Amino acid sequence: YLGYNFFMRLRDLKLTNYRNCKDLHLDLSCPKVLIIGKNAQGKTNILESIYFLSALKSPRTSNNIELINFEAEKAEINCNMIKAETDVELDFSYSNEKKRELALNKVKTTPKNFKSVLKTVLFSTADLLLLRGNPSDRRDWLDRAIAQIYPAYDDRLSKYDKIRIQKNNLLKDYLKTGILNDTLLDVYNEQLVITGSNIIYLRKKFLKEIERIASEKHRIISETEDLKIDYDCSFLNGEYEPEEIVEAFKASLEERRAEEMRRGQSCVGPHRDDIIFYINGNEAVKFASQGQQRTIVLALKLSELDIITAKTGDEPVLLLDDVLAELDDIRQNYLLKSINENTQTIITSVDTVLFEDEFLKDVKIYKIEAGRVI
Ligand code: ATP
Ligand code: MG
């Protein structure tokens, strides 16, 4: 990291048979872009496609077939962008035969290299429900945020999941047959402890950092409230060194071995953990109003942007899907004012009434209807 930041800038986005966008071309070479359209016209689809280039994963589905237009065989996303003052081209396609093609500057590349180019922070109305959602929603949010900073994190997560599934299969076999391969269970547990402790360590570290930044933002928006964030893990209670996490995880697996055998599943580890938010010491899910919960999410998203910038030197592209309408004036203003003027921001909305003339002056506006610019 060189000590100064580069702004990512999308310049050109072309969607071909991507959901309802059969042939859409957007010139995005402007720091602020507003996409206006009635319901079900393709606004979210456009932001989804941009997010997809950064994560190779849709925030809405894990089945990429859904991205292909109903009447077509192949969906394509082509994007020209500037990163670290250099032109970069990203090309993605996915076919009905589940064939995925990735190219970086017209040369075939790996998912890992492809994902490392574009960084985005997506803030959508679904995120506003983060606090009230399932623990798995909160883990996903946290994991995606960490993966943008440590590209190796995704590998670690999938490794952990793979071992956990193998262990579950072993335990299920035991339930069926009554015979357990003890040595194999020990091996799985050992591997789970190694990868799982590392995942927990990184999550706790990231949360501490995001808590520091988000609580400051949160105090500015709410004026008085104090935000605290806790990583909730059944065998940890407080701050731990990496070796202590390893020891605690090991002990917990030992202690619950009989229970895991009885239930035929893995009962402890990062796949069961959660994140708990407190306002002035009270658990936000139970006591905070909807507006207070939204404030937390707003503070989290803006902090995510700051952390990615600080860690990678690349200022991510901010994607705001319909969120302004869900926030009150104070929060809308805070959001729009706190975005660095150079941070490329792509906003969708049903109309322009929410935006002040001052803001609209420097914005490129597209109107979308049935997946087309009108
Ligand atoms: P809202 O304001 O309600 O959020 P939106 O403009 O964000 O609307 P999108 O979520 O982008 O709307 O969806 C637009 C349309 O795309 C929907 O009507 C949906 O049926 C359609 N759509 C989704 N997937 C596909 C697909 N694979 N092929 C064709 N159309 C699709
Ligand atoms: Mg939408």
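Predicted model: local features only at pLDDT ≥ 70, side-chain atom pairs only at ≥ 80, totals over all residues.
I looked up the helix pair H5 (residues 182-222) and H6 (residues 242-255) first: their axes come within 9 Å and cross at roughly 130 degrees. H5 is therefore oblique to H6 (under 35 degrees is roughly parallel, over 145 roughly antiparallel, 65 to 115 roughly perpendicular, the rest oblique). The crossing is right-handed. Axes are lines fitted to C-alpha atoms, for helices over the stretch in contact, with angles from 0 to 180 degrees between N-to-C directions.

Residues are numbered from 1 along each chain as its sequence is written, chains are lettered from A and ligands numbered from 1 in the order written, and side-chain values use heavy atoms, without hydrogens and water.

Next I checked Thr195, which sits in helix H5. Thr195 is buried, at 5% relative accessible area (buried is under 20%, exposed over 50%, partly exposed in between, with a 1.4 Å probe and protein chains only). Beyond four places in sequence, Thr195 touches Arg156, Lys159, Tyr160 and Ile163 (contact means heavy atoms within 4.5 Å).

Then I turned to the sheet. It is open, with six strands in the order S9-S14-S15-S4-S16-S17 and mixed pairing. S14 (residues 317-321) and S15 (residues 345-349) pair in the parallel sense over four bridges (pairing takes at least two DSSP bridges). Leu320 stands opposite Ile347 in S15.

Terms used. Helix = DSSP H or I, 4+ residues; strand = E, 2+ residues; numbered from the N terminus. Left-handed = near helix turned anticlockwise from the far one by under 90°.
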